[in-house]
Amino acid sequence: MTFLYPEFIYMMLPVLLFLFGLLLTQSEVQEQFFSLRVLSKLRVDTNRLSAKVRNFFYFLMFLFIILALAGPVIEKGRAKVEVTGEPLYIALDISASMQCEDIYPNRLEFAKQKVSTFLGEADRNRIGLIAFSQSSYLVSPATLDHHLLHFLLKPMNSSYSTEEGTNLLTVLKAANKLYTEGEEKRLLIVSDGGEKPDLTEEIAYAKQHKIKVYTLGVGTKKGAVVPKADGGVILYNGTTVISRLNPELSSLARASGGADLQPDELITLAGDGTEELSDGEEKPIYFHLFVLPIAFAMLMLVLATSSFHRGEKYYLPSLLVLGLFWVQPHPLNAALLDFKRLEKANSAYENEAYGESARIYQRYALEYQSREATYNAANSYYKRQQYGRAAELYESIHFVEAEKNHRLYHNLGNALARLGDDASLQKAISAYNQALKFRDDNETRENLQQVEELLQRRKEASRQGHNLFPLSTAAEVDRAVNKSDAGGDVGSMRPGESVMSDREADKWFSLLDERQRGAHYKIDVADPGQGAGNAKPW
């Protein structure tokens, strides 16, 4: 066993020994007036701890605290640590024009898919994520945790910013602020380029601050209308807006020393991605033991402040033995309790107590940020025919493994389809298509075909003037969604089964959404309005 911070022992232990040495050598007040022979006759023997014994326990308590501060560890082994040489920041355009559908399903979703694919391939590179429109927001600093980046990337949309337009100069300023001195500044801009016809300012800034700009243009030369949330399109001076890919975006990349990349060329930014620390020096891996002296310090405090009427010589050893059992490592207890919670949730699901199962899984998911538990909670809601809540949970997560993602999007499609309205059916089709990207599956294809046919029949009926409401077609939807990875047939809600109240559920979903999106910090730059002279509000 070694100590990570032995200076605590060197500095504090001598002081502790000196103070307690003074304390133990001090005579009690009564001894200044009476002899020990007289005091022995005056005292009543209560078999309680003497002052010196109590002081000794206090001494041990402070000694254990000092040992805990010194950081006791056991070396488990050694490992060669590798990190990336230089970070890469990816700036994703989230302005309104990224909702154009000239690229399927739209520019923003296409861009997110390509960035997500790149993250999977560049797994040994430190990558940071920026969202921008008129201003820039730090979604994640440069990190090797690409699972986190996938998690933060998935829900990104135009609602992250209330500002309008695209300002490329502000994202260059933001990136320059994030890099430290001496680092190679590389920035990948994924955008349609906005509407600014001249990027001279941006090129000059990138050259001045030595920022290598790489661009992934998202959009087409033909362009498309810019949709609004209410289903309409954006008008400008009474004319329908057509947003096109800005050809000047590639000029910015080439002039700054970077490159204008195609989606399949993004991997060229990754390189080998590693650089050994200290010429390949191996670093030790420690098992930390500070919890043990802390536990013993607490035990000494209990002993020092307790009274023992009799049998002192038997009680103290017994308490010490019990203390050894009590201070067993916390992770063992936590793992055991977590296993029991998950086992209880799984047992409730198998016994069709879906409300109980959903409640346990969702609380575990919030506590440990577990995607698997969130997925299982969604399955439980699905079984209770609470398809809206199930869909919200499915949409809040994304796995790295292809098979898990296939089941996730398959079940999401089923939940959306069972909601029955046209908008949900359209989303269900997208979910099934997403599931098929991860694994081609006959069940998914059958459900996709059935939902597409159902939606087409509704459109034809609508053109003919007939009204088909979701509630009147529930049976038709049930026939369409004939298989479910959530497990067998859909169970009905059983009377008297314990579930969360609507208020608790709404609170939980709000908290989940907040954690899902994470904290996006606006990056303050000098003169933020610069570069937006000809910017359009989309």
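This is a predicted model: local features need pLDDT of at least 70, side-chain atom pairs count only at pLDDT 80 or more; totals for chains, interfaces and linings use all residues.
Me: Which residue does D102 meet in a salt bridge?

Reply: Look at R107. Its side chain and that of D102 meet with N to O at 2.9 Å.

Me: Is R107 buried or exposed?

Reply: Buried means under 20% relative accessible area. R107 has 0%, so R107 is buried.

Me: What does K196 form a salt bridge with?

Reply: One partner is E201, with the closest N and O atoms 3.0 Å apart. Another is E202, where the closest N and O atoms are 3.1 Å apart.

Me: How accessible are these side chains?

Reply: K196 is buried, at 9% relative accessible area. E202 is buried too. E201 counts as partly exposed, because its relative accessibility is 36%.

Me: Which residues are linked in a network of salt bridges?

Reply: Find E403, R407, R439 and D441. Salt bridges link these four into a network.

Me: Now the surface. Which residues make the nonpolar patch?

Reply: Y10, M11, M12, F62, I65 and L69 make a patch of about 580 Å². Helices α1 (7-25) and α3 (51-69) each supply at least two of the patch residues.

Me: Where is I65, and how accessible is it?

Reply: I65 lies in helix α3. Partly exposed is the class between buried, under 20%, and exposed, over 50%. I65 has 30% relative accessibility, so I65 counts as partly exposed.

Note on methods. Residues are numbered from 1 along each chain as its sequence is written. Side-chain values use heavy atoms; hydrogens and water are left out. Patches are made of residues with over 30% relative accessible area and no salt bridge: like charges are joined within 9 Å, nonpolar side chains (Val, Leu, Ile, Met, Phe, Trp, Tyr) within 5 Å. Accessible areas come from the Shrake-Rupley method with a 1.4 Å probe; for residues, only the protein chains shown count as cover. Helices (H or I, at least four residues) and strands (E, at least two) are DSSP runs, numbered from the N terminus. Buried means under 20% relative accessible area, exposed over 50%, partly exposed in between (1.4 Å probe, protein chains only).
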